[in-house]
Structures are given as structure tokens and as C-alpha cells.
Amino acid sequence: MDNRTVFCAGSTRACGFACDYLRSLGIRVSDEPTEDAGYLLLDVPSFQPEGQLRGGGHVERILKQLPGDILICGGNLQHPALAGYETVDFLRDEIYLCENAYITAECALDVALPYLTRTIRNCPVLIVGWGRIGKCLGQLLKAMGADVTIAARNPAHRAMIHALGYHAVDIADIQISHYRLIYNTVPFPVFNRDQMSQCREDCVKIELASQNGMEGEDIIIARGLPGLHMPESSGKLMADTFIRLCYGR
């Protein structure tokens with residue numbers, strides 16, 4: 001049994017749920033730095049763009065209070081203050097990314113429903129991108145009876161999309177005026193402002209990508225959804241990933 005303490009320095013509700021779950025398994029978790037700390041658990045992602053911790057403050061101050069051989073766990077850990085420390089980046093783990101994509105897809109449905117004035121069944125939906133989130137979102141919407149089109153540039157991807165029972169379209173050939181609900185998962189420009197102006201007035205447009213792929217008015221920016229909408233599931237995923245990748249190392 002690993003007797004080292006997990007110091008939880010995260011500020012999000014998801015990180016709180018993660019720590020509660022770890023405690024329920026008998027793992028020692030502290031909200032304060034301790035001399036016997038073996039792990040530093042940060043939010044996922046861990047840092048703001050300007051380099052501060054996601055919840056504010058500087059990681060350097062925390063590290064000064066911890067043993068030099070501590071294992072740092074979190075997401076997007078390319079921070080100069082962490083040079084020389086052993087790190088485990090959850091956002092480089094394929095299992096974490098796939099599970100998180102499913103949680104994101106469920107959250108994305110929750111985001112859309114308050115804005116729609118009709119049922120999902122038979123609703124013409126466009127998903128741009130055939131990555132992890134696009135695949136999970138397509139599956140959920142198809143199960144609800146939506147009329148799902150998935151756009152991808154790669155012909156092999158479109159062939160698989162068609163084989164799985166969706167409508168497949170090249171991104172360059174999208175007739176954007178057809179859809180009542182559009183999700184973008186592609187983190188580079190896809191639709192400019194003129195193209196988006198061709199959408200129906202009652203079209204719900206949701207941006208899921210880390211960088212905007214859609215330009216225009218009334219686009220719902222929906223990033224970091226798991227921690228906001230489903231922090232318990234997001235936290236359990238963090239805890240499970242910590243146990244799988246870090247605990248006992």
C-alpha cells in the first residue's frame with residue numbers, strides 16, 4: 001500500500017470530486033502541503049494561458065512547500081516551473097481522452113436542448129469533424145433519432161461515416177442552410193462569417209473546438225464542458241486516471 005499523501009491543489013468541482021473518490025478508496029488526500037506528499041494533483045487542464053494555475057496563483061509557490069521528488073499529475077503540463085519534475089499529463093493519455101470525449105458529447109447535448117424549439121428526433125444535425133468527440137456525439141444523436149450528417153475532409157473517414165449509417169459530406173460541400181443544430185469539433189477555421197450568415201434563423205450553433213471553427217453571431221462557445229456540467233463524472237475520470245497512471249509509482 002502506498003502511504004504517500006496526495007496533495008490536491010486543484011480548484012474545480014471536478015477535482016474536488018476526484019479527491020472525494022480517492023479518499024473513499026482509502027487513499028490519503030490532503031488540501032494542504034505535507035512533508036510526506038508524494039503526488040501533486042492539479043486541475044485538468046492545469047494552467048491558464050498566461051501561466052497561472054487554473055484557479056489562480058503560481059505553481060512555483062506550491063512546489064517550494066513540497067518534496068523535490070513529488071510526482072505532478074494534471075493536464076497540459078508544459079510549464080517552465082515543472083522542468084526537472086516528473087509529470088504525468090492526463091491530456092496525453094488516450095484512454096482519458098476517449099472517456100472525456102464521451103462526457104463532452106453528453107454535455108454538448110445538454111447545452112443544445114434549452115435552445116431548440118423542437119425534438120431531437122428527426123432533427124437535421126450537422127457535426128463537423130470525425131474525431132473522438134464527433135464520433136461520440138454522432139452515436140448519441142443517432143440513438144435519439146436525429147437525422148445526423150457528419151462532415152470530414154478525409155475520404156476514408158467519410159466512407160466509414162457512411163458505413164455506420166450517417167450522412168457523410170465533405171466539409172467543402174456542406175449546405176449549411178439545411179441544419180437546425182450544428183456542432184463544430186474542428187480547431188481551425190471552417191465557416192467564415194458570410195457562410196454562417198446562410199444558416200437558418202432558428203439554427204443552434206455550438207462551438208466545441210479548442211479554437212473557433214465558426215465565425216459569426218449567436219454561436220455558443222462551449223469548452224470545458226465535463227467539469228462544468230458533469231463534474232462528478234469528470235472527477236471520477238480524473239481519479240481513475242490518477243490510480244491507473246500514477247498511484248504506486
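The model is predicted, so local features need pLDDT of at least 70 and side-chain atom pairs count only at pLDDT 80 or more, while totals for chains, interfaces and linings use all residues. Residues are numbered from 1 along each chain as its sequence is written, and side-chain values use heavy atoms, with hydrogens and water left out.

Helices (H or I, at least four residues) and strands (E, at least two) are DSSP runs, numbered from the N terminus. The expected span of a helix is 1.5 Å times one less than its number of residues. Helix α8 (residues 231-245) has 15 residues and should therefore span 21 Å, which agrees with the 21 Å between its end C-alpha atoms. Its buried residues (under 20% relative accessible area with a 1.4 Å probe, protein chains only) include Pro231, Gly235, Met238 and Phe242. Among the elements that cover them are β1 (5-8), α1 (13-24) and α3.

Helix α4 (residues 132-143) reaches 17 Å over its 12 residues, close to the 16 Å expected. Here Leu137, Leu140 and Leu141 are among the buried residues, and the buried side of the story continues with packing against α3 (94-112), β6 (124-128), β7 (147-151) and β9 (181-184). Gly145, with a positive phi near 90°, follows α4.

Leu141 returns in the largest nonpolar core, of 57 residues, where Leu141, Tyr183 and Ile206 have the most contacts. Such a core is a set of buried Ala, Val, Leu, Ile, Met, Phe, Trp, Tyr and Cys residues joined through side-chain atoms within 4.5 Å. Its largest share, 10 residues, comes from α3. Another core, of 17 residues, lies apart from it and includes Ile171 and Met196.

Key: Buried means under 20% relative accessible area, exposed over 50%, partly exposed in between (1.4 Å probe, protein chains only). Contact means heavy atoms within 4.5 Å.
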